Amino acid sequence: MGKKVKKEVEPPPKDVFDPLSIESKKAATVVLMLNSPEEEVLAKACESIYKFASKGDENKVTLLGLGAVEPLFKLISHEDPLVRRNATMVFGIMASNNDIRKLLRELDVTNSVIARLAPEEDIIVHEFASLCLAHMAVEYTSKVQIFEQGGLEPLIRLLSSPDPDVKKNSVECIYHLVQFGISLQDFQSRAAVRELNAIPPLLELLKSEYPVVQLLALKTFGVISNDRETRVILRENQGLDHLFKILETKEFNDLHVEALAVVANCLDDVDTMQLIQQTGGLKKLLSFAEVSAIPDIQKNAAKAIAKAAYDPENRRILHEEEVEKCLVNLLGTDNDGTKAAASQAISAMCENLASKDAFGNQGIPQLVQLLSSDNEEVKEAAAIALANLTTASPTNVSAVAEAEGIEPLINVLSAKRDGTIANATTALTNMATQEPLRLKIQNHGVMNAIVEPLQSTNSLVQSKAALTVAALGCDADARTELRNANGLEPLVKLLHSKNDEVRRNACWAVMVCASDELTAVELCRVGALDILEEINLSTGRKNNFSEGALDKLLDNNLSQKYSQMGYLSSSNIITDGFFDYGQVKPGVKLLSLEELCTQELNDRRAIILVNAKLPEVSLSAEDKSQELCSGRTTSSSSFRKSSKERTRFVADKMGGPIERDKLHEFSWELHISEIEFELKCNVVPIGKIKKGTFYHRALLFKVIADRIGIGCSLVRGEYGRAWNEVKLVDDSPQGITGLLLPPQVYIVDLMYQTGYLMKQKSAEADSYQRI
């Protein structure tokens, strides 16, 4: 599109000498001529420098070193039109060099260059002044200068210039000025383009015979059409017709990508989407995307669909046009970018339930295959799509399983991208809602694989991984696998998170995992108990699951619970391996039984261990049938009939009943010390104790009651006291039948009147609990 520059020099007046012909082959000499007072010398010097600079970047750098830029700057505003034109030509091509542009910014040349865009200037001046501005506008500082000094308006005017070079340079400069960014100047530039009525002349450039002009116009539209107001003007000026004509013209295939980008922005508006649907454009667009042989076309079409699908009404329209078929076909292309974009569009369309169902039948097998892609972007997009497809959709969950998606989902838990991992865990969590699939997931070693995501530094991955543990940890085998894989410690560390969702999901997972004694003990060992207590003391950090997690943890670690809380309810069933360490302060975690057994003998109170199955106490058939059914509401009369025998059994094992005034003579401490010395251990099995006080007897009674199904609690008091509480229903008053009385709490006397029941609030009970 270049043209030869024609010089027109007027003949000199008759009363002056004919000009001397001065020639030089040295650039330095010509640069010196830029300071001549002779206009003809100046014009010829500029012309020579233009030719020299046009030969390459090296010559431009030479001119910079010779100091040519400063005098040339003065000459672009020279009063002589020829000098001004030639100097502007030099500036236009010199500005392509980075170092020269830096000097131009320092000299603040933009105002003088913008002045060369005035209507009265020569068209060649317009060409090279706009070229200079186009070069400078690639850098932010110059963009700001051009905009603030009023350069946008003359550039827009020149879009209608008869010269194609002027059009090309002007639209290129405008494109740089409106480049999408977050600064105020970027927004102002785009707004000014609308206000200065640039849309119609830009649309006219789409009809240019020069592809480069069309391309720059499309790129400009691609930026400014991000603004809703611009899209409205485009629609009002039949801009969509221009765009679809380009898309429908095979000869313009080099413009299709950019044209599609503008259409994609326009699809954001429901009104535009409806217009395109009504005119048949949407169907053409989807068909165009499917059959195109250009990967970028297909990729951008999928991106356009994804962008539009964030609006509910747009999703409805796209579904009506069977967009699902198009996107599934795009999943099968050879281009990774297209596969990723199609997967993202599927994710967006999943918000439409009808689309979600349609993809389940068509797209899930392809998405599962993409999880094994070598391309990380494709892998991540497929994981996101599967996460969305399986959310609240049992049918799609089954479809993923049928497509053998469990193993690929577990495999990507070690992927490089956090988004891939987070969404794979979400899909697995969704699948775990179906018990048969949950077992299949466990059989593929998911708990081993989830340990790494639990240790991620990304809060989203942490949150989703903890949720997966909560979903799968309801099965004993899964908890065992997580425990053996050392996954409990990283899970507990997430309780420290400052992120509310991470902390909440971690509490949930701990609550689920604390469902068996071995896991609960291990959770306490790695600090879960301390952290949960701390969380529950904070109104800002506790959540729906933190209190439940603490309760569950203690309920399945009764040794810790009794030592810390001093209370075991009737639902806390003591089993072998339980030990009474004595009272500890909150936050103090117990050593394991193995660790306690290896400690050297000391003078601390003995640790009482329940270590063997106890023989069942003989009960009559009537007693068993009554008491095993509901120990908490056994009638007081029936309980009393057999309680003396059982409680005396406990008392007899522990030294028999003691008279109150002779309690101080009952030398149980010496007896316990002798056992410790005999065993060379601080841990004493309860079965070896022949002389026991309140807390030994209460523990033994609780153990026996739990074995035979009697509801019984164990309460620790002060100064070595402990007692058992049972809930009994008093018999109906004489002569009244069928009267249901509320249960009363009784304390069982195991020391004095063995087997005697005292109402909890009676004076007898009070004296029993106190010294």
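Here is a short walk through a few parts of this structure, from a pair of helices to a set of strands and some aromatic rings. The model is predicted, so to speak of local features a pLDDT of at least 70 is needed, side-chain atom pairs count only at pLDDT 80 or more, and totals for chains, interfaces and linings use all residues. Residues are numbered from 1 along each chain as its sequence is written, and side-chain values use heavy atoms, leaving out hydrogens and water.

Let us start with two helices. Helices (H or I, at least four residues) and strands (E, at least two) are DSSP runs numbered from the N terminus. Helix α37, residues 528-536, packs against helix α38, residues 546-555, at an angle of about 145 degrees, and their axes are 9 Å apart. Here the axes are lines fitted to C-alpha atoms over the stretch in contact, and angles run from 0 to 180 degrees between N-to-C directions. Contact means heavy atoms within 4.5 Å. On the α37 side, the contact is made by A528, L529, L532, E533, I535 and N536; α38 brings S546, E547, A549, L550, L553 and L554. Eight of these residues are nonpolar, two polar and two charged, where Ala, Val, Leu, Ile, Met, Phe, Trp, Tyr, Cys and Pro count as nonpolar, Asp, Glu, Lys and Arg as charged, and the others, Gly among them, as polar.

Next, look at strand β7, residues 722-729. Seven of its eight residues are buried, meaning under 20% relative accessible area with a 1.4 Å probe, protein chains only. Two strands pair if DSSP finds at least two bridges between them. Strand β6 (residues 713-716) runs antiparallel to β7 and is joined to it by four bridges, with R716 opposite A722. Five residues lie between β6 and β7 in this hairpin, and Y719 in the turn has a positive phi of about 55 degrees. β7 is also joined by five bridges to antiparallel strand β8, residues 744-748, and there K727 stands opposite V745.

Finally, turn to the aromatic rings. Rings of Phe, Tyr and Trp (its six-membered ring) pair if their centres lie within 6.5 Å; planes under 30 degrees apart count as stacked, over 60 as edge-to-face and the rest as tilted. The whole structure holds eight aromatic pairs. One of them, F73 with F91, is stacked, at 6.5 Å centre to centre and 15 degrees between the planes. Both F73 and F91 are buried. W668 and Y695 have ring centres 6.0 Å apart and planes at 90 degrees, so this pair is edge-to-face.

Conventions:
Buried < 20%, exposed > 50% of the residue type's maximum accessible area, 1.4 Å probe, protein only.
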